[in-house]
Amino acid sequence: MICVKNLSHSIGKTSVLQDISLEIPKGKVTALVGPNGAGKSTLLSLIGRLMPLQTGRISIDGSDIAQTPTRELARRMAILSQTNSLGSRLRVRELVGFGRWPHHQGRPTHEDEQLVMQALDALDLTALGNRFLEELSGGQRQRAFIAMALAQGADWLLLDEPLAALDMAFARRIMAQLVALREAGRSIVVVVHDINHAAAWADHVIALKEGRIAAEGPPETVCTSQVLGDIFDMELRVTQIEGKPLVLHHL
Amino acid sequence: MDRRFALLSIALVASCGFYLFWGLGPRWQFILGLRAPKLIGMLLVGAAIAVATMVFQTVCRNRILTPQIMGFDALYILMQTAMVAVLGISGYAGLSISVKFGAEVVVMTVAALLLFGTLLGRGTQDVARLVLTGVILGVLFRSFSTFLARIIDPNAFAVVQAASFASFTNIEPNLLPVTGVVCLGAIALSLWLSPRLDVLALGRPIAISLGLSHDRLVLLALVIVAVLVAVSTALVGPIAFFGLLVSGLAHELTGSSRHARLLPMAILVATLMLVAGQTLFERVLGLQSTLSVVIEFAGGLFFLWLLLKGRTR
Ligand SMILES: Nc1ncnc2c1ncn2[C@@H]1O[C@H](COP(=O)(O)OP(=O)(O)OP(=O)(O)O)[C@@H](O)[C@H]1O
Ligand SMILES: [Mg+2]
């Protein structure tokens, strides 16, 4: 379980997160939703210790992230940011290979190589393994970064908008894969903008608005026209399909 | 890659041999005694600049900057001018070499840490801003030197001018043991850090996600860069573009992004260029001190080419 207590964060003079307390269940797929600028990325980076905590505490499976060595945390959680730019010119295989770094610290074993192959395969990148990243399309590059996070093999997987830039086939495939990982005992936190992906695949939904938690619960309770309409300040129709909410946000 | 590495190593050994033994004459012991320290100095400075540049480029995640371009060479000239202004010509000339060297290294290491620390400490990835800051700092330091130079008398200015050009052969033999220990220590540390530098190059978020103590490594890397740049500048004078040429060639020759390969290759390229170049200019063409000018010119052209091609990564 990830436990966030009284978390506030400001950048410059603007307050981005205000007194957030929440629990993210272990062994579940949790979707983080909300309008642009709501603070989703900030919250996720704070959990992933990419930014120093200002006030509040965060613990992951009982250990305080501010107290736990970062190397230890890397074996427990992998975080993928919304934007990634590399300083070096890498091939896809090399990038994904770095996902195993927390385990081998620069000396990959045969097992590490196997896991890299599996991650490449899971994202249909085997054929592109030898390409340089800058020779890929936006969506292919995004898949390479997801593969790296997968290869890390951590209990917790925090993904910030992994579906951005993916076509609908890959978007569905990634979500299905996250569910498969949950079946294998991992816990996943994922920021998604397409609310229907959250509704269809997530076990738990947390909605942020203007730095506060606006709604929290299973998709059936969060994905209603009332709740979502308030969060996004728009009129929405929600129907049901196969027992899952379907938000007609485009109409 | 390994074949290239082997070939270049042979070339390096050969040019060292040429430099040392070619045309020794009857007073060979005396001549060797003069040449050996120069050779060692060139090897040290080449390796130091190579490693400093590679590590610096990894920290600021681009391939067009060198620590020196960030206003460092101008700072060195400012220091020389200030010393002449304060101490006068005779005071400056009378400075004990080791005292001057020690003071320069300390001041420049601190200055470099402040400079690079404030620029890169917060993870600035805006290359354009970095280049611009470097240029502005350079102009600032230079105009301050000019201002000082106006105040001091013309003869003193000539002394400063002479100190403002790099010379790979005016290396003071007495400084070599200390320099050697410091440089070799910093270089060995960088080589040991190679795998971590590879991760550092992935950028802060990914590096932290992979469990690297990112901020601490950046600080350590900047200390290494500052020390290496300070020592090599104090030894031979200001050099701006040489490192750029070296890192470009190292990337080209290895085709790898792994520091365990890049760093040794850069060291090899840098030392070979210095020793072979010096042998050529000094022995064949009879020109004592033109190597630095030629290397800087070539490096400057390469810098322009990188900028025009937009090859910043
Ligand atoms: N470096 C920064 N300086 C100033 N304000 C910032 C900075 N980074 C983020 N913010 C502000 O913090 C708020 C939250 O940003 P955050 O990136 O967490 O939003 P988000 O919910 O991830 O949005 P999106 O859906 O667009 O990714 C925004 O209002 C943003 O303007
Ligand atoms: Mg975001």
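**Entry 1: backbone of chain A**

I began with strand β2 of chain A, residues 14-24, and located A:Asp19 within this strand. The model is a predicted one, and I read each entry below with that in mind. I noted that A:Asp19 is not a glycine and yet has a positive phi, about 45°.

I then asked which element, or which loop, holds A:Glu161. I found A:Glu161 in the loop that runs between β7 (156-160) and α7 (168-183) of chain A. A:Glu161 is likewise not a glycine, and I recorded a positive phi of about 50° for this residue.

**Entry 2**

I next looked up the residues around ligand 1 and counted 13 of them. Those that come nearest are A:Gly37, A:Lys40, A:Ser41, A:Thr42 and A:His193. Sorted by class, the shell comprises seven polar, four nonpolar and two charged residues. Which element gives the largest share of this shell? I found that helix α1 of chain A (residues 40-47) does, with three residues.

I then went through individual polar contacts to oxygen atoms of ligand 1.

- For A:Thr42, I noted a polar side-chain atom 2.5 Å from an oxygen atom of the ligand.
- For A:Gly39, a polar backbone atom is 2.9 Å from a ligand oxygen.
- For A:Ala38, I recorded a backbone N or O atom at 3.2 Å from an oxygen atom of ligand 1.

I also looked up how much of the ligand the protein covers. Ligand 1 taken alone exposes 630 Å², and the protein buries 58% of that area.

**Entry 3: interface of chain A and chain B**

I turned to the contact between the two chains. On the chain A side, 28 residues are in contact with 18 residues of chain B. The size of an interface is often given as the accessible area lost when the parts come together, so I looked up that value next. The area buried between chain A and chain B is about 1900 Å², and carbon and sulfur atoms give 60% of it.

How many salt bridges and how many residue pairs in polar contact does the rule find across this interface? I recorded zero salt bridges between chain A and chain B. For polar contact, I recorded five residue pairs, with both residues at pLDDT 80 or more.

I then listed the elements of chain A that each supply at least two residues to the side touching chain B: α2 (70-76), β6 (77-80), α3 (92-98), α4 (101-104) and α6 (138-151). By class, I noted 13 nonpolar, eleven polar and four charged residues on that side of chain A.

Conventions:
Residues numbered from 1 in each chain as written. Chains lettered and ligands numbered in written order. Predicted model: local features only at pLDDT ≥ 70, side-chain atom pairs only at ≥ 80, totals over all residues. Heavy atoms only, no water. Contact = heavy atoms within 4.5 Å. Buried area = accessible area lost by both parts, 1.4 Å probe. Salt bridge = Lys/Arg side-chain N within 4 Å of Asp/Glu carboxyl O. Polar contact = N/O pair within 3.5 Å; in protein donor to acceptor, adjacent residues only side chain to side chain. Helix = DSSP H or I, 4+ residues; strand = E, 2+ residues; numbered from the N terminus. Nonpolar A, V, L, I, M, F, W, Y, C, P; charged D, E, K, R; others polar. Near = heavy atom within 4 Å. Areas by Shrake-Rupley, 256 points an atom, 1.4 Å probe, with all protein chains shown as cover.
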